[in-house]
Structures are given as C-alpha cells and as structure tokens.
Amino acid sequence: MDNWLLCDFHIHTNISDGSLKVSEVVDLYGQYGFDVIAITDHAFDSVFLKKLRERGNKVSCVSRENFREYMDIPKREQERAWKEYKMILIPGYEITNNTDYYHIVALDVQEYIDPSFEVIKILRMIKECGGISIAAHPLKKNSDNKYLSRHLYENINIYKDMFDAWEIANQFDLYNEIIEKRCRFVGNSDFHHIKHFYSWKTLIKAEKDPEAIKYAIRRNDNIAITFLKPHTNKKEIKILEEASENAK
Ligand code: ZN
Ligand code: ZN
C-alpha cells in the first residue's frame, strides 16, 4: 500500500533569492520528516536581467552559464537527503519571466530553458525532457500590486491542461478562482526564508520514488493540499531553533 507523502515542490535557496544553502534546506525539511522536496531557484528572462544589472543590482540566479553546476549541487545533496532522511530531492528551477509575467516551475529538467521563450515553447521543452511543469502562483502580487504570473492567469483557458499542475495554494495564499477551474493542482511554500516554512504543501499518495511521484502529479489523483501548522515540538528541528535564536 502506498502512503501519503508530504511534499514541497517549490523551494528557493541562496543560489537565487533564498536565505538558506541547499544543505540547510535539506536538513530543515529532512528533520521535519518531509518525503519529497524540490529545489527551484530562479532563472530570469534576459530583458529583466538586463534591467536589474543596469540598476546596479548584484544578481544571483540560475543561468545558461552556471546551469550544469547548479544541477550538480542538488545531485550531491540528493544522495545525502536519501541517506540521512529517506527524503527524495528533485532538482528543478523556476523559469521566471518578469517582462511578460509568467513563472513556471520546471522539475527534473536536465536542460536549460530560456525564460524569454514563449510559454507554449517552454511547456513543450519541459515535456520533451520528461519533466514536470507547474504554473506558479497564478494570483500572487508583487510589491507594485501587480500579478507576477498574470499572463498565465489571463490565459488560463488556453493553458489549463497544458501544465502538469497549477499552484492552487502558494505560501500563505489559497486561490479559490483556480480551484474552481478544476485544474490539476499542487500546493507549495515558495520557500525563501524560514518564515515561509509553515505554509501550504502537497500530499500525494504514491510510491516513494521520483518517477512514481512525477506520474502521480501528472495523473493528479490521490492528491491533496495541506497547511503546515507550527510544529508543537519544534526544538527537534535544530535549524528552526537556531533561526529563532538569531532573530532575538
Ligand atoms: Zn515565482
Ligand atoms: Zn518561487
């Protein structure tokens, strides 16, 4: 009999704009008892990147240049996650287009896909690589009150079945309008900092095996979202304890 697996398919690290190292993320989620996590740092479209650099921002992200190196870190941590915690780590990245506004989480895609490509081309490439495509936070707003993935939401009737899944829940938000569309779904933390740990997650009933999990997302049967409440015995989790000590 397959068990319900506790999963988070959308996690950032200090390779892009998150605050923890990959190894710290593995320890945090592993010590809590997660079954499956995905590391999904940002890759940005070229127009947005250029803008950031012109403003003098130092940009840390996944790029064509560092892609192989980026994918190798999860591989190293993948083995440790399994050995120490019996937790599966799926390598991925967030194809982040902040010019035309679409964020797409790509899981288990071993090829760099340029975020400047159109959505349909990106989805086709993810599929050809045997990966999973997730429409990220279709109703999340940025600091200017604009929807970060508005292109996906505005064209949901076109893209609905092209994605393997839509985030109906992201971080602390629940998107009723997406639930009503009856899309295949997941719920993720979009983890950047410790404060995002207690948030939406996915439960999947499947064998604890990467291909079985990918199949279960696509099939989207025996799937649920769950909101993680702060652990009553969080002292067990060293990294959370240290973070709260540092915050004092
Ligand atoms: Zn995003
Ligand atoms: Zn994200």
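Which residue just after H1 takes a positive phi? In this predicted model, glycine 33 is that residue, with a phi of about 110 degrees. Residues are numbered from 1 along each chain as its sequence is written, and chains are lettered from A and ligands numbered from 1 in the order in which they are written. Because the model is predicted, local features need pLDDT of at least 70 and side-chain atom pairs count only at pLDDT 80 or more, while totals for chains, interfaces and linings use all residues; side-chain values use heavy atoms, with hydrogens and water left out.

**Zinc site**

- The zinc ion (ligand 1) has Glu94 (OE), His103 (ND1) and His137 (NE2) as its protein donors, lying 2.0 to 2.2 Å from it; donors are N, O and S atoms within 2.8 Å of the metal (3.2 Å for Na, K and Ca), and since water is not among the atoms, sites may look incomplete.
- The donor residues of the zinc ion (ligand 1) follow the spacing E-x8-H-x33-H in sequence, and glutamate 94 also bridges the zinc ion (ligand 1) and the zinc ion (ligand 2), which lie 3.5 Å apart.
- Distant parts of the chain are linked by the pair of glutamate 94, in strand S3 (residues 88–97), and histidine 137, in the loop between strand S5 (132–135) and helix H5 (150–154), 43 residues apart; helices (H or I, at least four residues) and strands (E, at least two) are DSSP runs, numbered from the N terminus.
- Glutamate 94 counts as buried at 0% relative accessibility, and histidine 137 is buried with a relative accessible area of 2%, where buried means under 20% relative accessible area, exposed over 50% and partly exposed in between (1.4 Å probe, protein chains only).

**Histidine 10**

- Histidine 10 has its place in strand S1 (residues 3–11) and counts as buried, at 0% relative accessibility.
- The side chains of histidine 10 and histidine 12 are joined by a polar contact of 3.2 Å, a polar contact being a pair of N or O atoms within 3.5 Å; within protein, one must be able to donate a hydrogen and the other to accept it, and residues adjacent in sequence count only if both atoms are side-chain atoms.
- Not counting residues up to four places away in sequence, histidine 10 touches several residues, including Glu94, His137, Glu167 and Asp190, with contact meaning heavy atoms within 4.5 Å.

**Aromatic pairs and charges over rings**

- The structure holds 14 aromatic pairs; rings of Phe, Tyr and Trp (its six-membered ring) pair if their centres lie within 6.5 Å, and planes under 30 degrees apart count as stacked, over 60 as edge-to-face and the rest as tilted.
- The rings of tyrosine 32 and phenylalanine 197 form an edge-to-face pair, because their centres are 5.4 Å apart and their planes stand at 75 degrees.
- Since tyrosine 32 lies in helix H1 (residues 22–32) and phenylalanine 197 in the loop between strand S8 (185–188) and strand S9 (200–206), this pair ties together parts that are 165 residues apart in sequence, and both tyrosine 32 and phenylalanine 197 are buried.
- Phenylalanine 67 and tyrosine 112 have ring centres 5.6 Å apart and planes at 65 degrees, so this pair too is edge-to-face.
- Ring pairs link Tyr29, Tyr32, Phe34, Phe191, Phe197 and Tyr198 into a cluster.
- Lysine 121 lies over the face of phenylalanine 117, at 3.9 Å from the ring centre, and arginine 150 lies over the face of tyrosine 101, at 3.6 Å; a charge sits over a ring if NZ of Lys or CZ of Arg is within 6 Å of the ring centre and within 35 degrees of the ring normal.

- H1 is largely enclosed by the rest of the structure, because eight of its 11 residues are buried.

- Most residues other than glycine have a negative phi.
- Histidine 137 has a positive phi of about 25 degrees although it is not a glycine.
- Asparagine 145, found in the loop between S5 and H5, has a positive phi near 65 degrees and is exposed, with a relative accessible area of 55%.
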